[in-house]
Amino acid sequence: MNRSYVHVESRAIGYLDSSPEGGTARVIVLIHAFPLAASMWVPQLSLPPDGWRLIAPDLRGFGGSPLADQETALSMDDYAVDVIGLMHELGVTGAVVGGVSMGGYVTFALLRRAPELVKGLILADTRAGADTLEARGQRRGILALLDREGPSGVAREMMPKLLGTTSRAERPEIEATVRQTIKQQSASAIRGAIIRMMDRPDAMPLLVRVTVPTLVMVGEEDEIAPETEARRIVEAVPHAELQVLPKCGHLSSLERPELFSTHLAAFVSRL
Ligand code: MLT
């Protein structure tokens, strides 16, 4: 699938698009997990729901999007600003927006900054709360590992948790794809994302004010953002539905692509 580009504040943003020619289809924006790239959405982009266009940005530094020249005061909002800029450049005035895990954190930031753009939410394998002290400590450990061993070390450390036990046992090709994708990312992009995740605010106060339809999905074997976290979101958001994906870990859209796409299509067919 070919990557397209727009320029936002003179910086290129790469994205994958199920309908590069545009047209009248309604839009779903899908935001990738850490430390991956838009390519993780290829299974969904290859089979968009009828009448819908899927757009998947590479967050800055990941996939085909370069880092900003000078990055100071890193915030999850940086990513949200880029996604908002991409939507404006493409003439998208409203979309269903969502993502997996860190993609969910970016979705919360986008919802904070530009709620008028969000017509529906998809929150998969993500959590609304900010990092605990313990989680921040673990992230410092990953930063140190990144300094010592680069992206390969991060891939080795994260792989056992990123995929569910079923995928690890039965779908070795997924593990190979994810490991390869992580190794292709730059250490600077990974470092920037870790710092942004550490400092992200609590999204619970935002969720109680959500007025758009919301689909929450979670792999039943997800260890990073387990079902209890998905249930917290569903309880907080006034119009949310929950789908728990069996035999599936943290990267639900990659591990159970057909089931993920089926739930996605059923959700947007009602909008
Ligand atoms: C992700 O999958 O995006 C990350 O594991 C999220 C996190 O570390 O909080």
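The axes of H2 (residues 76-89) and H3 (residues 102-113) come within 8 Å and cross at roughly 75°, where axes are lines fitted to C-alpha atoms, for helices over the stretch in contact, and angles between N-to-C directions run from 0 to 180 degrees. The model is a predicted one, in which local features need pLDDT of at least 70 and side-chain atom pairs count only at pLDDT 80 or more, while totals for chains, interfaces and linings use all residues. Residues are numbered from 1 along each chain as its sequence is written, and side-chain values use heavy atoms, with hydrogens and water left out. Helices (H or I, at least four residues) and strands (E, at least two) are DSSP runs numbered from the N terminus.

From H2, the contact with H3 (heavy atoms within 4.5 Å) draws on Met76, Asp77, Tyr79, Ala80, Val81, Val83 and Ile84, and from H3 on Met102, Tyr105, Val106, Ala109, Leu110 and Arg113. By class, this contact holds eleven nonpolar, no polar and two charged residues, with Ala, Val, Leu, Ile, Met, Phe, Trp, Tyr, Cys and Pro taken as nonpolar, Asp, Glu, Lys and Arg as charged, and the others, Gly among them, as polar.

H2 also packs against H7, at an angle of about 110° and with the two axes 8 Å apart, which makes H2 roughly perpendicular to H7. Met76, Asp78 and Tyr79 of H2 make this contact with Ala189, Gly192, Ala193, Arg196 and Met197 of H7, and the residues involved divide into five nonpolar, one polar and two charged. H4 and H7, in turn, pack at about 175° with their axes 10 Å apart, and H4 is therefore roughly antiparallel to H7. On the H4 side Arg136, Arg139, Arg140, Ile142, Leu143, Leu146, Asp147 and Pro151 meet Ala187, Ile190, Arg191, Ile194, Ile195, Met197 and Met198 of H7, giving ten nonpolar, no polar and five charged residues.

An open sheet is formed by eight strands in the order E1-E2-E4-E3-E5-E6-E7-E8, with mixed pairing; two strands pair if DSSP finds at least two bridges between them. Strand E1 (4-8) and strand E8 (240-245) stand at the edges with a single partner strand each, so that one side of each is left without a neighbour in the sheet. From one strand to the next, the twist averages 25°. E1 pairs with strand E2 (residues 11-17) in the antiparallel sense over five bridges, and Ser4 stands opposite Tyr15 in E2. H3 lies across strand E3 (26-31), strand E5 (95-100) and strand E6 (118-124), and runs at about 145° to E5. Helix H11 (residues 257-269) likewise packs on the sheet, where it touches E3, strand E4 (52-57), E5, E6, strand E7 (214-219) and E8, and its direction makes about 170° with that of E7.

Points are joined across faces, edges and corners, and a volume is the space filled by probe spheres set on them.

The largest pocket holds about 720 Å³ of space and is lined by 24 residues, with Ala135, Gln138, Arg139, Lys161 and Ile224 nearest its centre. H3, helix H4 (133-162) and helix H7 (187-198) each supply at least two residues of this lining, and H4 gives the most, with nine. The lining comprises twelve nonpolar, four polar and eight charged residues.

Notes
On a 1 Å grid over the protein atoms alone, a cavity is a set of points where a 1.4 Å probe fits but cannot get out, and a pocket is an open set with protein on both sides within 12 Å along at least five of seven lines; lining residues have an atom within 4 Å of a point. Angles under 35 degrees count as roughly parallel, over 145 as roughly antiparallel, 65 to 115 as roughly perpendicular and the rest as oblique.
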